[in-house]
Amino acid sequence: MTTSQKQIHEQWMQQALALAEKGKGHVSPNPMVGCVIVSEKGEKIGEGYHKNFGEAHAEVNAVDSVQNKKYLKNATVYVTLEPCSHHGKTPPCATMLGKLPIRTVIVAMKDPNPAVNGKGILHLRNKGIEVEVGVLEKKAEKLNEFFIHHQTFGKPFITLKMAQTADGFLAAADGESKWITGKISRQMVHRWRSEYDAVLVGRTTAMVDNPSLTVRHVSGRQPKRIVIDGPYELPKDLNLFSDKFEEKTIILTWNKKASSTDADPMLKVMQQNYFRGEVIQLSKVDGHADLRQAFKELGERGITSVLVEGGQQLSSALIRQGLVDKLELFIAPKLLGAGTRSLINIGINKMKEVAELKESNWTQVGDDILLTGYF
């Protein structure tokens with residue numbers, strides 16, 4: 001491939017990636033996919049992206065957008081993820097593309113789904129279509145990091161969101177924490193909520209703050225809400241258990257009585273204020289719910305990403321156990337001098353053991369600074 005060809009391929013693939021991102025928060029547990037079709041003369045004749053889970057894939061929408069199908073002859077298709085080769089909610093895209101008179105398919109990355117993983121590429125090549133893989137691959141992987149992680153490890157991608165003062169406190173000595181960060185930062189968190197499959201808090205946060213964990217200030221889907229309540233003692237009049245999104249709430253508990261009651265629909269209905277969400281039974285480890293098991297259970301339910309809005313204890317436990325994939329840390333230009341530290345006892349005692357963030361970067365968000373990094 002010449003330098004000129006590479007630049008052209010990257011230009012069209014960048015457009016496909018931008019299209020794919022429009023599906024963020026709407027297609028999970030499927031990946032975000034974008035597709036651009038370029039004629040033999042080098043003109044864009046079609047484009048599309050996967051808009052909603054269960055609906056048409058990007059390649060189908062792109063082909064449907066081509067007004068004059070004769071221009072498909074010897075055309076090049078740019079797609080951000082290998083075309084699927086299996087029947088799911090929709091027919092396989094590789095089969096559909098293989099029937100067209102196109103010449104080339106440029107793919108950003110292979111699909112890690114075991115049901116695909118090269119089979120779509122092989123099918124296209126067997127149909128005489130030239131296939132190139134790896135154009136803007138890193139960008140494609142970053143875009144679908146939730147999907148890739150879930151497919152690879154069978155559990156959701158975990159992002160820990162924290163907000164603290166410049167001197168490292170997330171709450172004042174009297175327990176008050178509203179508001180550490182500014183309005184723009186809080187609005188950003190609401191956008192994140194709409195993009196993740198679920199939002200997770202611990203029982204202390206649920207009890208003290210009585211959060212709704214709903215998407216406000218921005219438009220977007222409402223994620224599932226997960227609360228860790230080991231002893232199953234949280235009052236059922238909390239927002240998580242009593243508002244209009246009650247059915248989207250999941251309780252993680254080690255209390256066997258809770259799961260046995262929840263498993264019997266008739267017993268639930270007979271309760272005066274029965275819980276309409278889901279209760280997941282976990283093992284008890286060191287007096288707490290088994291977090292590793294929790295994420296495995298959530299992954300099996302198709303939850304590919306979790307945004308943790310935890311307090312000191314939950315955040316520290318997740319880092320200590322190596323369960324965090326990404327950190328989003330807001331630092332406000334404020335000082336408290338005393339109160340609740342953001343982290344405590346994460347299992348590090350020496351500088352040589354320090355946890356270093358990878359791919360870290362700083363972003364100004366209103367008056368706050370956002371540190372983003374990967375573990």
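**Sheet and ring contacts**

Biologist: In strand 18, which residue is the bridge partner of Val365?
Modeller: A caution to begin with: this is a predicted model. Strand 17 and strand 18 run antiparallel and are joined by six bridges. In strand 18, Val365 has as its bridge partner Asp368.

Biologist: What is the strand order of the open sheet?
Modeller: The sheet has nine strands, and their pairing is mixed. Its edges are strand 11 (278-281) and strand 17 (358-365), each of which pairs on one side only.

Biologist: The structure holds five aromatic pairs. Are the rings of Phe157 and Tyr374 stacked or edge-to-face?
Modeller: Their centres are 6.5 Å apart. Planes over 60 degrees apart count as edge-to-face. Here the planes stand at 70 degrees, so the pair is edge-to-face.

Biologist: How many residues apart in sequence are the parts that this pair ties together?
Modeller: Phe157 lies in strand 6, while Tyr374 belongs to strand 18. The pair therefore ties together parts separated in sequence by 217 residues.

Biologist: Is Tyr374 buried or exposed?
Modeller: The cut-off for buried is under 20% relative accessible area. Phe157, at 5%, is buried. Tyr374 has 12% relative accessibility, so Tyr374 counts as buried.

Biologist: Which residues do ring pairs link into a cluster?
Modeller: Phe157 and Tyr374 both belong to the cluster. Taken whole, the cluster is Phe146, Phe157, Tyr196 and Tyr374.

Biologist: What is the angle between the planes of Phe241 and Phe275?
Modeller: Phe241 lies in helix 9 (residues 239-242), and Phe275 in the loop between helix 11 (265-270) and strand 11. Both are buried. Their rings are 5.6 Å centre to centre and edge-to-face, with the planes at 85 degrees.

Biologist: Which charged end sits over the ring of Trp254?
Modeller: Lys236 sits with its charged end over the ring of Phe241, 5.1 Å from the centre. For Trp254, the charged end is 3.9 Å from the ring centre and belongs to Lys284.

Notes:
Residues are numbered from 1 along each chain as its sequence is written. This is a predicted model: local features need pLDDT of at least 70, side-chain atom pairs count only at pLDDT 80 or more; totals for chains, interfaces and linings use all residues. Side-chain values use heavy atoms; hydrogens and water are left out. Two strands pair if DSSP finds at least two bridges between them. Helices (H or I, at least four residues) and strands (E, at least two) are DSSP runs, numbered from the N terminus. Rings of Phe, Tyr and Trp (its six-membered ring) pair if their centres lie within 6.5 Å; planes under 30 degrees apart count as stacked, over 60 as edge-to-face and the rest as tilted. Buried means under 20% relative accessible area, exposed over 50%, partly exposed in between (1.4 Å probe, protein chains only). A charge sits over a ring if NZ of Lys or CZ of Arg is within 6 Å of the ring centre and within 35 degrees of the ring normal.
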